[in-house]
Amino acid sequence: MAEPAAGKVVMYCGICGLPTEYCEFSASRKKCEEWLRATHPAEHERLYGDQAIAEKLTMTTLSEDKEAREAAKMEKAEQKSEARMARDLEKKLAARVAIKRIERNKRKCVTAVFGLHVFGIDLKTTAKMMANHFACGGSVAKNPQGLDEIVVQGDFSEEIRDLICAKFPAVPKDNIDLVEEKAKKKAAPQ
Amino acid sequence: MFKKFNLQEAVSGKNPVKASSVRGIRAKLIEDYPAIEKHIDDILPKKAVLTQIKCRGRIVLYAVGDDILFFQHFDDPVTPTLHLLHRFPDILPQVQVDRGAIKFVLSGANIMCPGLTSPGARLPADNLPEGTVVAVMAEGKEHALAIGTTTMSTDQIKAVNKGNGIDLIQYLGDPLWKTQLD
């Protein structure tokens, strides 16, 4: 975060985002420690070195068995969060991105892209980016299921696929589907 | 207050604040937090454009550039955010909780009196009245853990030593903490 020069600068953890001294309370504690070791060895020594741990033991006001119980609880929470992360990853791998070409009338169509939100992509900025890239209208709209999708005016199915692959390497190429949808016949007037 | 908060969904408007209103806010801040006065030019430089972000639930955020500096709920006093507090730790009066309380506070619990009076905790020597916005520090930690308002005066906290002592406003890792403007 780009802070102005004035004031104190606090080091924040790159994993959990808390100040580094609070990492021990976050669910991703082990990863935080590794991150700190890799990026800021001096700070790591201060917080996780032998001396720091010894100090911590004398400082704490909790009784010993309580401490142990706390540690066990933390361990459990950690496992839980790890499992959750694994599940999220799996979900991401399974998620499909649908690029749909929707015919508006005989020779005009729009392209709807659905499913990018699973990958943590900001739809609004992406829509803007596509609109710029293809020099056409692009927006975020709700589809009939009530979920957000990106709508780009014009037929860009193939191009959008290439663009997504280039810009968002997190999206596996095989998970992108191209779908075509013909305009439905107008409902009979009531 | 910010247990559930999503900037993208909550925002209803984003406007620069008029210079005259900024003056009002500055004056109010200095009145509410006397200690902020020596930093106010660093926090709100005269040239900077203060942006007001109105959110659902009568929450208003104030930002300069990409940094959210203050927030306000309804007519409550304008409160500094934790990020700002970390940069200027002395703008709020400080209380300290013991180590056992940290993890509960990190999940958003209000602070109970015993956590403020035990050996690892610390209350300021002079009395703070009810409703003071305080920085919650933690035993053995250098930086603030949360921001809250006292529900009773600190003398009362010491005397009663039971129940809710501080209502939490913002804590490390809550949605507002994670919110970033782009």
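Visitor: In chain A, how are α1(A) and α2(A) oriented to each other?
Guide: In this predicted model, the axes of helix α1 (residues 29-39) and helix α2 (residues 41-48) of chain A come within 6 Å and cross at roughly 135°. Angles over 145 degrees would count as roughly antiparallel, and 65 to 115 as roughly perpendicular. The two helices α1(A) and α2(A) are therefore oblique.

Visitor: Which residues of α2(A) meet α1(A)?
Guide: The contact of α1(A) with α2(A) divides into three nonpolar, one polar and three charged residues. From α1(A) come A:E33, A:L36 and A:R37. Their counterparts in α2(A) are A:P41, A:E43, A:H44 and A:Y48.

Visitor: Which strands stand at the edges of the sheet in chain A?
Guide: The sheet is open and mixed, with five strands in the order β3-β4-β2-β1-β5 (chain A). From one strand to the next, the twist averages 25°. An edge strand has a single partner, so one side of it is left without a neighbour in the sheet. In chain A the edge strands are β3 (138-142) and β5 (176-181).

Visitor: What is the bridge partner of A:V110 in β4(A)?
Guide: Strand β2 (residues 108-114) and strand β4 (residues 148-153) of chain A pair in the antiparallel sense, over four bridges. In β4(A), the residue bridged to A:V110 is A:Q153.

Visitor: At what angle to β1(A) does helix α6 of chain A run?
Guide: Helix α6 (residues 157-167) of chain A lies across β1 (97-105), β2, β4 and β5 of chain A. Its direction relative to β1(A) is given by an angle of about 155°.

Visitor: How far apart are the end C-alpha atoms of residues 97-168 of chain A?
Guide: UniProt, in an unreviewed entry, lists residues 97-168 of chain A as "domain: SUI1". This span is 32% helix and 38% strand. Its end C-alpha atoms lie apart by 12 Å.

Visitor: Turning to chain B, which strands form the edges of its sheet?
Guide: Five strands of chain B form an open sheet of mixed pairing, in the order β6-β8-β9-β10-β7. An edge strand here pairs on one side only. The strands in that position are β6 (94-97) and β7 (111-112) of chain B.

Visitor: What is the bridge partner of B:V134 in β9(B)?
Guide: Strand β8 (residues 133-138) and strand β9 (residues 146-150) of chain B run antiparallel and are joined by four bridges. In β9(B), B:V134 has as its bridge partner B:G148.

Visitor: Which element gives the most to the side of domain 1 of chain B that touches domain 2 of chain B?
Guide: Domain 1 covers 7-87 and domain 2 covers 92-171 in chain B, and their C-alpha centres lie 24 Å apart. The contact takes seven residues from domain 1 of chain B and eight residues from domain 2 of chain B. By class, the domain 1 side has four nonpolar, three polar and no charged residues. With three residues, the element that gives the most to this side is α4(B).

Visitor: Which element supplies the largest share of the side of chain B that touches chain A?
Guide: In the contact between the chains, 23 residues of chain B meet 17 residues of chain A. Both α4 (82-87) and α5 (99-106) of chain B supply at least two residues of the chain B side. That side divides into six nonpolar, seven polar and 10 charged residues. The largest share, five residues, comes from α5(B).

Conventions: Residues numbered from 1 in each chain as written. Chains lettered and ligands numbered in written order. Predicted model: local features only at pLDDT ≥ 70, side-chain atom pairs only at ≥ 80, totals over all residues. Contact = placed C-beta atoms within 7 Å. Nonpolar A, V, L, I, M, F, W, Y, C, P; charged D, E, K, R; others polar. Domains from an automatic or database assignment. Axes fitted to C-alpha atoms, helices over the stretch in contact; angles between N-to-C directions. Parallel < 35°, antiparallel > 145°, perpendicular 65-115°, else oblique. UniProt positions renumbered as here; feature names shortened; annotations may be inferred. Pairing = 2+ DSSP bridges.
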